[in-house]
Amino acid sequence: MVGVSDGQTSGQAPAAAKAQAGQPVLSVALAAMMDEVHAHSGAVYLLAPDQPVLEMAVMAGLPRAFAAPWERVGLSAPIPVAEAVRERRLVWVGGEEDMARRYPRIAVVLPHPFALAALPVATANAAYGAVFVTWPGSHPPELSEWEREHLTAACDRLATRLERAARHNRPPHAEPDLLAAPPLTGVAGTLGTAEAARMVGRLPYGLVSLDLHGRVAFANEAAGDLLGKPVGDLLGTRPWASLPWLNDPMYEDRYRAALISQHVTSFVALRPPGTWLSFRLYPSTTGLSVRISRARAVAEMARGEPGPDDEGPSRLVTISMVLSLAGALTEAVGVQDVVQLVADEIAPAVGSQALVMLGSQGGRLHVLGHRGYPDPHVVERFDGLPLGERTPGTQALNSGVPGFFDSREQLERLYPNRHETPDGFAAWAYLPLIASGRPVGICVLAYAEPHVFPAEERAVLTSLGGLIAQALERAQLYDAKHRLAHGLQQALLPHTLAVLPGLEAAARYVPATRGMDIGGDFYDLVPARPLPAAVIGDVQGHNVTAAGLMGQIRTGVRAYTTVGQPPQEVMRSTNRLLIDLGADLFASCLYLRLDPAHGRAVMSRAGHPPPLLRRPDGRVRVLDLAGGPLLGIDASATYPTTQVSLAPGSVLVLYTDGLIESPGVDIEDALADLGALLTDTGDLPLEQLADELVRHNATARERVDDVAVLLLRARPDD
């Protein structure tokens with residue numbers, strides 16, 4: 001049986017304040033759904049009308065505090081309800097291990113055994129929200145077809161009702177949460193009830209009944225004696241709030257674990273000065289029964305001093321939210337990733353409708369990114385703003401103290417000039433981003449309506465500011481390395497390809513999707529006399545050393561070609577150069593001396609993948625060239641040559657191994673795929689063909705190696 005919650009609702013989504021009287025459509029649908037499939041908790045989310053955010057409208061079975069980090073979630077967030085709406089499908093999480101593998105952010109906050117199903121509430125025309133329901137850890141790891149059909153049908157019925165309501169301009173609103181009816185607290189009734197109370201009173205150990213919110217609904221005298229507090233002072237309180245020595249999130253977590261998993265849990269705690277107590281928690285869908293007794297043989301489990309008393313309703317809720325958002329920020333790589341994650345994860349969680357991320361450099365603020373502002377010109381006023389200007393942002397950054405402004409009037413009273421540049425919002429939080437002891441920027445969260453910032457919310461936002469700062473510092477360092485690597489790579493590769501008579505040429509370089517975005521792949525065209533040359537190669541490694549060595553090899557090849565060495569000598573000289581440099585790195589290389597006037601090319605190969613030749617009739621051949629070992633291994637190695645016909649209209653495809661090699665893919669199969677693609681697309685203009693080859697590689701798999709491609713097409717005589 002479920003009833004309307006009488007617990008605190010301050011943590012509910014902002015829309016809860018707008019709940020209207022009338023038939024509780026969402027609550028009834030959720031309760032019926034949970035009852036049909038025997039789920040023990042669940043929630044309905046509604047899609048916000050003006051932004052891609054899901055807002056929790058009603059929760060049942062467990063207090064809303066259990067899902068506090070996910071009361072408002074962006075549609076792009078990697079959590080089940082958002083995924084269900086994005087992909088319009090049922091998402092099933094079969095247990096604790098499945099959750100940890102697929103949704104680690106949730107597993108960090110709720111590392112307990114339970115199963116979860118999330119479904120979209122959508123018709124063929126529109127999405128209205130989502131539903132999740134959970135089962136205890138005893139649920140089978142697979143969702144049964146019967147459960148799947150009932151859940152899907154229930155969500156379809158709810159979507160149809162919401163669609164009908166939308167047509168009549170009656171949008172749904174948040175409704176009071178549903179919790180199990182609280183247990184009886186009195187003994188008036190029957191002799192049986194009175195006798196049960198006398199029996200409990202005679203027990204030598206403590207018995208306590210907690211409701212779903214963790215509040216004491218009943219305690220016997222033995223419990224009061226063991227806990228060191230009169231029973232009357234315990235009733236209606238949460239033990240971890242009313243007993244300072246239980247004020248540790250670990251103990252509250254045991255209560256949460258028992259309710260979510262519906263498994264018996266236990267813990268031991270020290271009641272000062274030296275009494276160890278054992279707590280055993282027996283859960284049900286109506287609350288918890290707790291057995292308290294003296295613990296034996298636990299001296300080795302002695303704990304440090306407990307923290308100060310917590311007056312708030314649930315300190316663990318705050319910790320859970322910070323943990324969840326910290327996990328999200330660890331996934332950010334570059335600065336724009338940080339901005340997007342703050343917009344997708346943090347802003348919805350704290351109820352903000354817009355944000356600006358500002359960096360600090362050279363005594364001025366610089367806009368790093370923004371979201372939610374209808375007019376981007378409003379944000380531009382921050383760009384280049386001197387840190388000496390008296391504004392809310394510079395004040396927060398210079399002092400390191402966050403600024404919270406509940407209303408426009410409060411902001412303009414402290415900063416009179418602010419009224420000249422309104423941004424359309426009504427409340428703001430200015431969070432200084434301090435990392436490694438230095439300011440790296442500021443995060444401005446804007447709210448569409450006046451917003452009071454209580455002490456607990458200010459503490460959470462301040463903590464989040466520290467996490468954002470660390471993520472931003474890492475991202476700025478990554479972006480700086482990325483720019484350095486990109487600049488170095490561009491400097492070492494030819495800016496343009498030389499124009500050779502009788503030949504068209506096109507080239508591409510694509511870095512690996514992992515690592516520093518720099519590698520040792522290279523290519524070049526050398527307009528030497530009497531015949532030009534082409535070269536492509538790959539130095540071992542993906543770092544600055546490999547890139548630097550690549551530049552030296554490319555310079556050496558150019559020099560040996562210019563002085564007129566034949567192909568086999570160019571390769572031998574380059575091999576000795578690499579050994580003399582003492583870099584302990586190897587390189588593959590393919591060198592061509594081109595003679596388009598006579599329709600031929602002479603090639604020499606050093607451990608490099610074989611080139612492909614597309615003939616004018618469209619047939620593709622893998623050229624099996626003679627060759628020698630990789631450069632840099634054997635100073636006495638020789639590199640024989642092979643002459644290949646290069647008729648007008650023929651296309652030579654030279655490439656590095658990143659184009660064809662990938663874990664789990666056979667080289668022969670990859671070459672066959674590349675040949676088939678070249679057969680189909682080889683008549684394209686050379687620049688388009690180069691793009692097509694690189695695009696095929698990018699869509700086929702994640703690149704674990706960088707890729708260089710050099711295409712040569714023999715032109716007919718003019």
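Start with the elements around the second largest cavity. Six of them each supply at least two lining residues: strands β9 (206–210), β10 (216–219), β12 (275–284) and β13 (287–294), and helices α9 (239–242) and α10 (249–261). This is a predicted model, so keep that in mind throughout.

How big is this second largest cavity? Its volume is about 170 Å³. There are 16 residues in the lining, and those closest to the centre are L210, P239, L246, F279 and V290. What is the lining made of? It has 16 nonpolar residues, no polar and no charged.

Now step back. How many cavities of 30 Å³ or more are there? The search over the whole structure gives four.

Next, a helix pair. Two packed helices are described by the angle and the distance between their axes. Look at α17, residues 544–562, and α18, residues 567–581. Their axes come within 10 Å. The crossing angle is roughly 145°. Which hand? The crossing of α17 and α18 is right-handed.

Which residues meet? From α17, we have L549, Q552, I553, G556, V557, Y560 and T561. From α18, the partners are V570, S573, T574, L577, L578 and L581. Sort the residues of this contact and you get eight nonpolar, five polar and no charged.

Last, confidence. The average pLDDT for the chain is 83, and 86% of the residues score at least 70. Where does it fall under 50? One such stretch is residues 181–191. Beyond four places in sequence, the model has 11 contacts for that stretch. Another stretch is 297–317, with pLDDT below 50. Beyond near neighbours in sequence, residues 297–317 have 36 contacts in the model. How should we treat such places? Where pLDDT is low, the predicted coordinates should not be read in detail.

That's the tour. Questions, please.

Terms used. Residues are numbered from 1 along each chain as its sequence is written. This is a predicted model: local features need pLDDT of at least 70, side-chain atom pairs count only at pLDDT 80 or more; totals for chains, interfaces and linings use all residues. Side-chain values use heavy atoms; hydrogens and water are left out. pLDDT is the predictor's confidence in each residue, from 0 to 100. Contact means heavy atoms within 4.5 Å. Axes are lines fitted to C-alpha atoms, for helices over the stretch in contact, and angles run from 0 to 180 degrees between N-to-C directions. Helices (H or I, at least four residues) and strands (E, at least two) are DSSP runs, numbered from the N terminus. A crossing is left-handed if the near helix is turned anticlockwise from the far one by less than a right angle, and right-handed if clockwise. Ala, Val, Leu, Ile, Met, Phe, Trp, Tyr, Cys and Pro count as nonpolar, Asp, Glu, Lys and Arg as charged, and the others, Gly among them, as polar. On a 1 Å grid over the protein atoms alone, a cavity is a set of points where a 1.4 Å probe fits but cannot get out, and a pocket is an open set with protein on both sides within 12 Å along at least five of seven lines; lining residues have an atom within 4 Å of a point. Grid points are joined across faces, edges and corners, and a volume is the space filled by probe spheres set on the points.
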